[in-house]
Every structure is written in C-alpha cells, then in structure tokens.
Amino acid sequence: AVFVALLFGVATDYSIFLFSSRLERFKSGGECDSETEASVFLCAVTTCLGFGVLTLAGHPVLFSIGALTVYSFGTLIAFGVLLAALLVWRDAQKKGKNPSVLLDLGLGLVVFALLGGRILYVLLNLKWYLPDPLEIFRIQHGGLVFYGGLAAGTLFGWVALRKKRLPFWETADTLVPYILFVQGFGRIGCFLNGCCYGKPTFWP
C-alpha cells in the first residue's frame, strides 16, 4: 500500500507538471505535441488506478451481473493489452513500420505468455491438479507464473519473427516497452486480487 501511495503521489505530481507545461505552451501560442498529451493521459490513468488500488485492495471481483462475474485481474490485464496495442500502433506508424504485423505479433505474444504462465504454474503445483485435472483449465481460479509467460512469449516471438523475416532486436525495441504495460497492470491486478503480498515480517 505504501508503494501504491507513492506511485499515486508521483503520478499526480507529474501530471500537474505536464499540465503546467502544456498551459505555458498554449499561452505562448504553441501547440501541445502528441507525446505530451500521451504522457498526461498515462499519468492520469496511473493516478486513477493508484487511487482505485488503495480503495479496492483485496477485491478480486469488481462486480457481478447475474451469472456474469468480472474479475479485477482479468480486467487490468485486458486494459494493459488494449493500451499497449494503441501505443504500438502509434509508434509503428511513426517509425514507418506496418502496425498490423506488429499487432498480430503482439496478440500472439499475449496468448503464448498466458499459456506459458499457466503451464509453469501447473507444473510447479502438480499435486494440486492431479486429483482434479479439469482444474487446470479453470484459469478464473488463478494461477500464472511470470517466468513461464516470459519464456513462452520470447520463444513464440523468435519463431514468428524468423518466419516473417523481421529483425529480432529491432522489432523487440518497438514491442517490449509496451508489453511492460501489460505486466505492470497485471501486477496491479494481483494486488486487487489479494495475492503477491510476500511473506509476513515483524520488522519495524
């Protein structure tokens, strides 16, 4: 909670700074560039999420409508994927790359990352799944490991780029910074889900 509070404060201060800079530009007759607008938007989103995490920590379910249950972790992951896709599209156009190819690749990375994360989690906790193997497919009950997702996503990316004959490192420079958004929002989802707190400590 302390970290999230700090994040909330930093994001708020940075948003105020960017807003002030934008205001000065308008006063001087200039225009605000897209980079500043995007930064203000991202800081505003981070601020809202920071406030939301402080008030909703330990709430794995956002809301339910009849039989439909919307979980906080999945919602945050979906939001991160959407935000990453929009930023990749914009960055690809600026660099003269085909955004459709990168978005197709990004979608594959997300799918394989989820599969890899789930497979590794199941392997590490196999004794829980042997009595009821169908539980493996009930991903709504939780259970992903970041390292499994990283390994599977990287392997998929390497194979896909070789087939498309695209440079690995150059393409990674475009995709990876925005993939981190997905991971970042996923960690916020973990906090809302009430997990990943670490071990108890009795230090002052």
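Asparagine 98 caps the N-terminal end of helix α4, with a side-chain oxygen 3.1 Å from the backbone nitrogen of serine 100. This comes from a predicted model.

Helix α4 covers residues 99–124, and its 26 residues should span 38 Å at 1.5 Å a residue. The C-alpha atoms at its ends are 37 Å apart, which agrees with that expectation.

Several residues of α4 are buried, including Pro99, Gly108, Gly116, Gly117, Arg118 and Val122. Leu102, Leu105 and Leu109 in α4 are buried as well. The cover over the buried residues of α4 includes the helices in this table.

| Helix covering buried residues of α4 | Residues |
|---|---|
| α3 | 72–94 |
| α5 | 126–129 |
| α6 | 146–164 |
| α7 | 168–193 |

The largest nonpolar core has 18 residues, and those touching the most other members are Leu76, Val88, Leu102, Leu105, Leu175, Tyr178 and Phe185. At least two residues of this core come from each of α3, α4, α6 and α7. The most are given by α3, with 7 residues. In soluble globular proteins, nonpolar side chains tend to be buried together.

Which residues is leucine 175 in contact with, leaving aside its neighbours within four places in sequence? They are Val88, Leu102, Leu105 and Leu109.

Arginine 165 sits in the loop between α6 and α7. Its phi is positive, about 55°, although arginine 165 is not a glycine. Is arginine 165 buried or exposed? Its relative accessibility is 78%, and exposed means over 50%, so arginine 165 counts as exposed.

How values were computed:
Residues numbered from 1 in each chain as written. Predicted model: local features only at pLDDT ≥ 70, side-chain atom pairs only at ≥ 80, totals over all residues. Heavy atoms only, no water. Helix = DSSP H or I, 4+ residues; strand = E, 2+ residues; numbered from the N terminus. Expected span 1.5 Å × (residues − 1). Buried < 20%, exposed > 50% of the residue type's maximum accessible area, 1.4 Å probe, protein only. Contact = heavy atoms within 4.5 Å. Polar contact = N/O pair within 3.5 Å; in protein donor to acceptor, adjacent residues only side chain to side chain. Core = buried A, V, L, I, M, F, W, Y, C linked by side-chain atoms within 4.5 Å.
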